[in-house]
Each structure stands twice: as C-alpha cells, then as structure tokens.
Amino acid sequence: MKPRKGRGSWKGFLAALAMAAAVAGCGSSSEVELSEGGGSYGPSSFVSSPSELGVGDAMIAEFAAGEAVLDFSGVGTDSKFILAVGSSSEYGTATTIQLAPSIGLMDPSAEAKAMDVEAEYAADDGYGVEEIFSAWLRAAEMDLDLNEVPADMISLSSSKAMAVKAVSLGQREIFRVLANLSSPSSYVEVTGNARHIGSNVVCYVDNRVSDDSLSEADISKLCGEFDAEVGEMASLLGDSSDVDGDGKLHVLMTPQINRLGALGGGIVTGYFYAADLYARSGSNPVSNLREIIYTLVPDSSGEWGTPVEKAFAMSNLLPAVLPHELQHAISYNQHVFVNGGAPEDNWLNEALSHFIEDYMGHGRENPSRYALYLASPSTYGIVTQGSPNLLERGGSYLFLRYLYEQAPDGDAFLSRLVRTGRRGVDNLLEAFQGPADMDEFREMMERWSIALAMTDRGISSDSRFVYRPRVRDAETGEWKGVCLECTPDDGRGTVLEGVHLNQYFGYLDVAVDGASAKYFDVSTIPNRIQIQGATAQDSYAILVRYQ
C-alpha cells in the first residue's frame with residue numbers, strides 16, 4: 001500500500017447518545033502557544049510535601065500500609081490546590097478511598113455537596129446504540145473460528161495469494177449487510193455500485209442513494225482522502241489482511257447502516273466486522289469474503305432512520321468513521337492473523353480507533369466524548385472488562401493521547417501497540433518504553449491525573465505535566481490534539497470546562513471506579529488530609545498547587 005505524502009456481557013438497550021450533544025453553531029477556539037518545560041509559566045517540579053509546592057508544582061502522595069497523609073503545615077492560607085484521589089486497578093472493580101481532616105467531622109450533608117455533578121452522570125450508563133452495537137461486534141469476533149479460513153487467504157497486501165477479477169467503475173455487486181444489532185446470521189442484500197477506485201480503496205455506494213445525498217464530488221473527496229490515509233495508516237500500524245488478494249480495502253456506503261441505528265433509536269456511523277474475512281458458511285452467512293468497512297449515508301429527511309444532515313455527515317461523521325473502522329481491521333489482522341493472538345481488549349481497541357481519528361486530522365467527534373468523561377471522571381474507569389461506553393471511550397482516548405505525547409517516539413509507540421499479539425495493560429506497558437518513572441500502570445495513572453488537573457489552567461507549560469497545545473492538521477485543516485478548557489470548534493457547540501472539581505469539605509468516603517480518579521478543589525486549607533485506600537496497592541493521590 002502506498003504511504004501518504006505530506007506528513008510523517010454488554011448491557012441492555014438505551015436511547016442513543018450519538019447526537020445528544022449536538023448544539024447549533026460552532027464555538028471559536030482560543031489556543032495558548034506554550035513552549036516546552038518553561039515557556040510562559042515556567043517549569044514544574046515534583047516535591048515531597050505541600051509546603052514545598054509552588055504554583056504549577058505537583059506531588060504524588062506516598063502510601064504506607066494503605067495510608068497517606070498530606071500535612072499542610074507552613075502552607076499559606078491564600079494557597080489553593082487540586083487533589084486527585086484514584087485507583088489504578090485494571091480490573092474494573094470500584095473502591096472507596098476515605099479522606100479525613102485532622103479535626104472533627106464535617107456536616108454529613110457536605111459529602112452530598114461534593115458529589116454534585118458526578119452523581120448525576122452515574123445515573124446513566126453511557127451506552128447508546130453505537131456503543132451497544134460495537135460491543136456485540138467485538139464479542140462476536142471472539143467466537144470466529146480461524147480454522148474456517150483457508151490458509152492461502154490470510155495474506156498481506158505485499159503477498160497476493162489469489163487471482164481476482166479487477167473492479168471497474170460502475171460495476172455492481174451484491175453485498176450482505178447486517179440487518180440486526182445483535183444477530184450474526186441476520187442480513188439483507190444490497191446492491192452497491194463502484195463509484196471510486198483508488199490505489200488502496202474501492203468505494204461502493206448503495207444504488208438507492210441519490211446524488212443529492214452523495215454527489216460524485218462528495219464521493220471523490222471522501223474516498224480520495226481515505227485512499228491516501230489507508231497508505232499512511234498501513235505504514236504506521238501495519239497492513240490489514242487481504243483475504244481476497246486484491247490489495248484493496250472495500251467501503252460500502254449504504255442506508256442499511258442508517259436503518260441499523262434506527263433499530264436502537266439513534267445512529268450507527270459504520271462498522272468493521274471480522275466475519276467478512278472468513279469463509280461464508282451456515283454459522284457465518286454474512287461474510288462478503290473481503291476487507292470491508294460499512295458506513296451510513298447522509299439522510300436529511302430521515303427516510304432511513306434518525307435524520308443525518310449532509311453537512312454534518314461530511315464534516316464530522318464520515319471522515320472520522322473510515323480511519324476509525326480501519327484501525328479495527330488492522331488491529332484484528334495484526335493481533336490474530338499475523339501474531340496468532342486474540343483480538344485487542346475492547347477498551348484499548350476503541351482508544352486506538354478514537355485516537356487515529358485525531359491522528360488523521362478527523363478528530364471533531366472526540367471533544368464531545370471526552371467532555372462527558374471530564375464531567376464525571378470517577379464514575380467509569382478507562383480500563384473496562386466489557387466494551388466501553390461513551391464516557392469510557394472519551395477517557396481512554398485522553399489517556400492514550402497523553403501517553404502518545406509522553407512516549408520518546410509516539411509513532412513507534414502506536415506501531416508497537418498494534419503489531420503484536422499482546423493485549424490491554426500488558427500491551428500498553430510493553431509498548432510504551434517511556435520514562436523510568438512511568439513504567440508501571442499506577443505511575444501512568446498518576447502522571448495522567450496531574451495532566452488533567454494542570455492543562456489549560458495557566459499554571460504550567462511543562463510538557464511532562466500538560467497536554468501539548470493543539471495544532472491544525474496540514475491536510476484537513478482540523479484541530480489535532482487536546483484542549484481541556486476551550487471551545488473546540490467541533491461543529492457541535494461543545495464547551496470544555498476542564499476536569500470537574502468537587503469542593504473539598506472535610507470527611508469523605510470517595511467512591512471511584514477502577515482506573516479512575518476524583519478531583520477536589522482544596523481552597524480552604526486544612527491542617528492535614530489523611531487518605532486511606534480500601535485497596536492499598538492500587539490507591540493513589542496527587543496534589544497540584546494552582547494558586
């Protein structure tokens with residue numbers, strides 16, 4: 001494939017969240033240009049006690065026998081801090097961390113005040129139709145039988161094993177597309193016409209789609225850009241498989257995907273399903289015997305399901321879903337066919353797909369996801385045992401983005417994550433190869449918590465402790481990277497207000513999910529804060545001074 005030039009047990013159905021964050025209008029972006037490790041605000045430091053903290057400094061509490069004590073002796077009364085207490089458990093088990101002051105207990109109602117926003121988000125499990133459908137797909141892939149694939153069909157693009165018929169423009173083919181959100185054998189047949197043929201991609205459009213929905217210019221732009229991106233992603237992450245031996249990735253744009261979303265009351269933007277790589281059989285009747293990505297089509301009138309305006313589909317949904325689903329296809333090939341392992345853990349698989357949207361300059365949908373996470377960071381941990389919901393996707397994307405920026409070579413880190421048979425946290429730790437003080441998952445969580453507390457607060461530009469400033473993608477003109485307090489120009493009107501800070505009042509029993517943290521604004525300085533974790537080996541606390 002040719003490289004791109006120019007830049008080096010899921011849960012029950014709920015109402016879809018896919019368009020819930022949509023707001024008319026588009027915010028303007030305010031970006032602060034900062035230099036690394038100094039810049040406008042000066043470098044930050046790690047210290048060992050609250051009294052040593054200057055503005056923009058951080059400390060990681062030392063836990064002994066499951067307990068840490070923050071002694072605020074000598075700290076000025078005008079000082080203000082952010083305290084994060086969390087769990088680095090990678091097993092998804094919620095825990096309780098107790099905070100206690102050195103003096104009498106506070107009013108019991110204080111705890112309720114401290115839980116405000118996060119308690120509201122905890123009432124909703126964050127699963128819309130797209131998240132539920134994705135959970136089913138990834139679970140179904142675990143049941144596929146590799147023995148059903150002829151050995152000569154598992155071939156990379158560099159080694160063709162089959163003689164195939166060339167596709168010509170306008171050629172019609174019949175495809176089997178899933179007809180149900182949870183059935184591996186339910187399908188409908190649709191006819192697609194080959195509307196674009198590139199070096200790496202053949203794009204088919206359902207013959208029911210009018211030119212008003214997708215014109216020749218629309219198809220050429222989408223598929224032409226994606227054709228180049230396929231080559232770049234192959235260079236970065238590795239090839240997808242080539243079971244039909246034609247050296248092409250196939251894309252089918254069909255209103256059947258819109259109908260799938262409508263079955264769950266929302267929107268499915270598209271999918272990749274590894275069953276298409278296996279022989280068609282009684283247990284796998286849906287296979288199209290090729291690498292294929294399916295997408296929705298613009299549908300302003302709602303003829304096929306939830307209305308999808310063409311402008312929004314062309315700016316936000318379609319450019320992002322193509323690299324997102326291709327990452328899943330590449331990951332499956334690299335983990336299963338090339339390295340003989342199992343598919344990547346769902347949480348990291350989705351984090352990589354959301355990250356690659358951003359990497360390819362199509363990250364408009366990410367801010368609305370991680371805005372939900374930032375509003376309730378302790379409710380759902382980023383490492384999930386099942387398929388991640390919308391909040392968990394936003395959090396895992398932020399986590400992976402931070403590690404990418406901290407890795408000595410971010411692209412090499414991504415490559416190692418995908419070109420492997422390892423999975424989940426073990427894969428992450430092996431692939432990262434970063435600073436010595438970030439070679440354990442707990443250390444990664446601690447450092448990331450600092451970044452969530454510091455970024456965009458105007459207290460540090462130290463590249464260890466904050467996300468890099470966003471930049472415009474040279475190809476697409478869209479923002480790449482993360483801002484935590486900004487209007488991100490995402491076409492949804494999203495406003496980002498940073499990680500939610502609960503007010504620290506005194507005694508608290510803090511519930512946190514595994515691989516998550518809760519953040520407190522400590523603006524009235526106590527004599528000390530005693531922190532006790534129910535799971536001593538996983539509990540952590542960080543303190544950042546912001547005034």
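**Ground rules.** I number residues from 1 along each chain as its sequence is written, and side-chain values use heavy atoms, with hydrogens and water left out. For this predicted model, local features need pLDDT of at least 70 and side-chain atom pairs count only at pLDDT 80 or more, while totals for chains, interfaces and linings use all residues.

**Disulfides.** I looked for disulfides (cysteine sulfur atoms within 2.5 Å) and found 2. Counting bonded cysteines along the chain, I get the pattern 1-2, 3-4.

I find Cys203 and Cys223 joined, with sulfur atoms 2.2 Å apart. Cys203 sits in strand β7 (residues 201-206) and Cys223 in helix α4 (residues 216-237), so the bond ties together parts 20 residues apart in sequence. Helices (H or I, at least four residues) and strands (E, at least two) are DSSP runs, numbered from the N terminus. The S-S torsion of Cys203 and Cys223 is about -115°, so I note this disulfide as left-handed. Cys203 and Cys223 are both buried (under 20% relative accessible area, 1.4 Å probe, protein chains only).

I also find Cys483 bonded to Cys486, S to S 1.9 Å. This link is right-handed, with 40° about the S-S bond, and both Cys483 and Cys486 are buried.

**Largest cavity.** I took a cavity as a set of points on a 1 Å grid over the protein atoms alone where a 1.4 Å probe fits but cannot get out; lining residues have an atom within 4 Å of a point. The largest has a volume of about 100 Å³, the volume being the space filled by probe spheres set on the points. Its lining has 14 residues, and Gly363, Arg364, Pro367, Arg470 and Trp479 are the closest to its centre. Helix α8 gives the most to this lining, with 3 residues.

How values were computed:
1 Å grid on protein atoms, 1.4 Å probe; cavity = no way out; pocket = protein on both sides within 12 Å on 5 of 7 lines; lining within 4 Å. Buried < 20%, exposed > 50% of the residue type's maximum accessible area, 1.4 Å probe, protein only.
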